[in-house]
Amino acid sequence: MSQAGPILFVSNAERPPFIGALDEARLFPVVDIDWASAARAVEEVQPAAILAAMHGGHEPHIAPLAKKIAEQSPYLPFVAVDAAGTLPHNALPFSSRGGNPDGLIARLRAALRVRTLHATVLRRLPEAKVALPEGDPARDATVLLIGRGAAYPALSVALGERVGVVGALSIEAAAKHLNTRDLDGVVLAEGFTARVTDAFLTVLAEDTRFRSLPVVVTAHQLTQTYDLPNLELIPGEPARVAANALPLIRQHAMEAQLSRTLRSIDAGGWLDPRSGLLTVEAFARDFAKAVEQTLARGGGLSVARFAFDPGNSRAQLDAARILSRLMRQMDFGAAQKDGSVIVVFAETDFRTAHMIARRLSAVMRHTSNGKHEMRSEPVVSVDSLSPSDTARSLLARLSADASRAAS
């Protein structure tokens with residue numbers, strides 16, 4: 001992977017040996033700088049990544065440095081080595097555990113991939129009618145919290161104030177969520193033996209789908225290494241765990257958002273970069289075409305509408321993401337302006353569509369967001385195309401069914 005620019009190593013002390021390993025890994029050159037000159041060096045050196053040793057002298061300089069880094073574009077990775085306190089929102093935690101160059105190299109490579117992806121998207125944006133989603137990507141992130149025991153409720157609240165949370169009290173339940181949802185992080189809390197923790201991390205590391213996922217372990221010492229570049233041990237109070245896990249979660253959410261944006265550019269702007277489903281306009285066009293073809297050729301066409309509490313826009317987004325992942329190739333859908341998500345099942349009769357919709361809504365029910373435990377319980381209505389229908393009449397009937405079901 002090509003890397004434009006050096007790595008800036010910020011420290012007021014001697015360079016530790018494991019930083020030298022970066023030169024050997026061809027992640028170079030590494031430029032050393034002290035804390036007082038770091039913010040200025042970001043402009044002058046134009047680094048591809050910043051590594052900072054958090055053992056003294058950084059206190060007055062870290063906030064302005066973090067701010068300066070956050071202003072750079074494309075994404076500039078900022079890794080904080082061995083931080084004791086709470087980190088700035090864009091500083092990725094890394095515990096060197098007595099000098100672990102392989103782990104650091106993997107963490108940097110994963111972060112540099114996000115930078116490369118961002119640069120690609122920025123280069124290609126002008127060619128399509130697509131805009132990068134505004135705001136903090138962490139706002140749209142979903143994290144799987146696995147745990148039993150006293151810290152679990154407090155962790156659930158601390159994470160829920162920042163991101164969407166899917167809870168699992170067992171490893172089996174967690175495995176199910178990993179297979180059905182797009183997650184931006186896993187927090188493994190207390191309640192499991194070291195053997196169970198080891199088995200779970202081994203399974204994650206062996207599955208390429210989860211390799212770049214941030215995995216935060218709060219209760220165990222990790223005695224061996226796993227092929228998980230964003231695996232981090234963060235013990236302590238739930239608020240600190242949540243705050244220091246957030247930069248890794250945000251980076252993953254940003255990577256997912258950039259990937260969806262790239263897919264949208266490839267699709268000529270017809271995909272919504274936030275949800276991964278079609279835009280409202282593309283949906284209307286494709287739906288009219290599908291209705292016309294089905295009426296001409298015969299066959300089945302069914303539609304499902306998942307409606308959410310209009311005050312809970314996050315539930316609509318979660319549902320759209322779940323659908324974009326679990327829908328069959330031939331189906332299509334869009335998040336609608338009224339807070340619902342509509343999915344069209346091609347070549348599908350009413351009974352089958354009903355069964356699929358029920359299964360999908362069961363997956364949606366498990367996310368809670370924020371302090372109020374807002375459950376995303378959708379009101380589901382399903383209907384099928386009849387010979388006298390138009391696209392408009394079928395959608396009108398679907399909405400009428402939904403309002404009857406909700407009342």
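I take angles under 35 degrees as roughly parallel, over 145 as roughly antiparallel, 65 to 115 as roughly perpendicular and the rest as oblique. Axes are lines fitted to C-alpha atoms, for helices over the stretch in contact, and angles run from 0 to 180 degrees between N-to-C directions. Helices (H or I, at least four residues) and strands (E, at least two) are DSSP runs, numbered from the N terminus.

I am working from a predicted model, in which local features need pLDDT of at least 70 and side-chain atom pairs count only at pLDDT 80 or more, while totals for chains, interfaces and linings use all residues. Residues are numbered from 1 along each chain as its sequence is written, and side-chain values use heavy atoms, with hydrogens and water left out.

I looked up the axes of H2 (residues 35-45) and H3 (residues 59-70): they come within 9 Å and cross at roughly 10 degrees. H2 and H3 are therefore roughly parallel to each other. On the H2 side I list Trp35, Ala36, Ala38, Ala39, Val42 and Glu43 in the contact (heavy atoms within 4.5 Å), and on the H3 side His61, Ile62, Leu65, Lys68 and Ile69. I sorted these by class, with Ala, Val, Leu, Ile, Met, Phe, Trp, Tyr, Cys and Pro as nonpolar, Asp, Glu, Lys and Arg as charged, and the others, Gly among them, as polar. The H2 contact with H3 comes out at eight nonpolar, one polar and two charged residues.

I find H1 (residues 17-24) and H4 (residues 101-124) packed at about 55 degrees, with axes 9 Å apart. H1 and H4 are therefore oblique to each other. The crossing of H1 past H4 is right-handed; I use left-handed if the near helix is turned anticlockwise from the far one by less than a right angle, and right-handed if clockwise. H1 contributes Phe18, Ile19, Ala21 and Leu22 to the contact, and H4 contributes Pro101, Leu104, Ile105 and Leu108.

I count two strands as paired if DSSP finds at least two bridges between them. Five strands form an open sheet with parallel pairing, in the order S2-S1-S3-S4-S5. Its edge strands, each pairing on one side only, are S2 (30-33) and S5 (92-94). Neighbouring strands of this sheet are turned by 25 degrees against each other on average, direction ignored. S1 (residues 7-10) pairs with S3 (residues 49-53) in the parallel sense over four bridges, and I see Phe9 opposite Leu51 in S3. H1 packs on this sheet and touches S1, S2, S3 and S4 (78-81), its direction making about 145 degrees with that of S2. H4 lies across S1, S3, S4 and S5, running at about 165 degrees to S5.

Entry 4, the antiparallel sheet. I find four strands in an open sheet, ordered S12-S13-S11-S16, with antiparallel pairing. S12 (332-335) and S16 (379-384) are the edge strands, each pairing on one side only. The twist averages 15 degrees from one strand to the next. S11 (residues 301-307) and S16 pair in the antiparallel sense over six bridges, with Phe306 opposite Val380 in S16. H10 (residues 313-326) packs on the sheet, touching S11, S12 and S13 (340-346), and its direction makes about 20 degrees with that of S13. H11 (residues 350-364) lies across S11, S13 and S16 and runs at about 160 degrees to S16.

I use buried for under 20% relative accessible area, exposed for over 50% and partly exposed for in between (1.4 Å probe, protein chains only). Gln251 lies in H8 (residues 238-266) and is buried, at 4%. Not counting residues up to four places away in sequence, Gln251 touches Tyr75, Leu92, Ala111, Val114 and Asn230. Arg365 sits in the loop between H11 and S14 (367-369) and is partly exposed at 33%.

Most residues other than glycine have a negative phi, and most peptide bonds are trans. I noted a cis peptide bond joining Ser73 and Pro74, with omega about 0 degrees; Pro74 is in the loop between H3 and S4. Gln46 has a positive phi, near 50 degrees, lies in the loop between H2 and S3, and is exposed at 52%. Asp82 has a positive phi near 60 degrees, lies in the loop between S4 and S5, and is partly exposed at 34%.
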